[in-house]
Amino acid sequence: MARCTKEEAQETRSRILDAAVEVFYAQGVSQTSLADVATGAGVSRGAIYWHFTNKSDLFNAMCERVKLPMEALIRNSADEGAVDPLGQFRSWCLFALGEGVNNAQTRKIFATILHKCEFVDPTDPIYIRQRECFLEGRVNIQRILRYAVAKGQLPRNLDPILGAIMVQSLLSGVLDNWLFIPESFDLGKQAANIVDLCIHSLKTAPMLQKS
């Protein structure tokens, strides 16, 4: 059999990841096998193993599709030299919520992470990776808040740890609720209000400020 070109290999990898999004979303992570993904992608199991070590590796690669563009935005916000860290942070929040609303593949990945994963085994590589991403996200938010304080955009006595907990809980909770019952509210219309409410709380809530 002729060796496939680099472009063909990349196309196969993308097709596998596209299929993984659909199959994980439809069946849940624990109920999905690599054979299921292979069938969905129209490739052999050997092709799956050529690109991915195991199901955890495939799942993580699927999640990277969401993480990478968001990381690029938050990295700009979490830069000490950022002129407007709070404004960039607002843009990042709106982008994240907007992707959930407007990008069908991103929406399915969010829903899979939040609703289709059974995080019951603390040694499971998927569990470990998602926990690392969660904690890494909180650290990045803390860093942004500190830079916004330094720029005078937030109160000097803001507690960045508590603030980051509040921000992360609010955004993940909004996504969780909307993905569970999308018809319960219009996230596309409410996203800016939700983010601005979050920023207003950071600026004004006494409980977020150190005594």
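Visitor: Which side chain meets that of Arg90 in a salt bridge?
Guide: In this predicted model, the side chain of Arg90 takes part in a salt bridge with an N to O distance of 2.6 Å, which falls within the 4 Å cut-off. Arg90 lies in helix H5 (residues 85-102) and its partner in helix H9 (residues 187-204), so the pair ties together parts that are 106 residues apart in sequence. The partner is Asp196.

Visitor: Is Asp196 buried, partly exposed or exposed?
Guide: The relative accessibility of Asp196 comes to 33%, and because buried means under 20% and exposed means over 50%, this residue belongs to the class in between. Arg90, at 29% relative accessibility, also counts as partly exposed. The class of Asp196 is therefore partly exposed.

Visitor: How many residues apart are Glu11 and Arg15 in helix H1?
Guide: The side chains of Glu11 and Arg15 meet in a salt bridge, at 2.6 Å from N to O. Glu11 is partly exposed, with a relative accessible area of 43%, and Arg15 is partly exposed as well, with 29%. Both residues belong to helix H1 (residues 6-27), where they are separated by about one helical turn because they are 4 residues apart.

Visitor: Which helices are linked by the pair Arg129 and Glu64?
Guide: The side chains of Arg129 and Glu64 meet in a salt bridge with an N to O distance of 3.4 Å. The pair links distant parts of the chain, 65 residues apart, with Arg129 in helix H7 (residues 125-150) and Glu64 in helix H4 (residues 55-77). The helices asked for are thus H7 and H4.

Visitor: How many charged residues does the contact of H1 with H6 have?
Guide: On the H1 side the contact is made by Asp18, Val21, Glu22, Phe24 and Tyr25, which meet Gln105, Lys108, Ile109, Ala111 and Thr112 in H6. By class, this contact of H1 with H6 has 5 nonpolar and 2 polar residues, and the number of charged residues is 3.

Visitor: At what angle do H6 and H8 pack?
Guide: H6 and helix H8 (residues 160-180) have their axes 10 Å apart, and their packing angle makes H6 roughly perpendicular to H8. Arg107, Phe110, Ala111, Leu114 and His115 of H6 make the contact with Leu175, Asp176, Trp178, Leu179 and Phe180 of H8, and these residues divide into 7 nonpolar, 1 polar and 2 charged. The angle is about 100°.

Visitor: What percentage of the residues of the chain count as buried?
Guide: The chain has 9 helices and 0 strands, and its C-alpha trace spans about 70 × 40 × 35 Å along the principal axes. Among contacts between residues at least 6 apart in sequence, 70% join residues at least 24 apart. Of the 211 residues of the chain, the share that count as buried is 39%.

Note on methods:
Residues are numbered from 1 along each chain as its sequence is written. This is a predicted model: local features need pLDDT of at least 70, side-chain atom pairs count only at pLDDT 80 or more; totals for chains, interfaces and linings use all residues. Side-chain values use heavy atoms; hydrogens and water are left out. Helices (H or I, at least four residues) and strands (E, at least two) are DSSP runs, numbered from the N terminus. Buried means under 20% relative accessible area, exposed over 50%, partly exposed in between (1.4 Å probe, protein chains only). Contact means heavy atoms within 4.5 Å. Ala, Val, Leu, Ile, Met, Phe, Trp, Tyr, Cys and Pro count as nonpolar, Asp, Glu, Lys and Arg as charged, and the others, Gly among them, as polar. Axes are lines fitted to C-alpha atoms, for helices over the stretch in contact, and angles run from 0 to 180 degrees between N-to-C directions. Angles under 35 degrees count as roughly parallel, over 145 as roughly antiparallel, 65 to 115 as roughly perpendicular and the rest as oblique.
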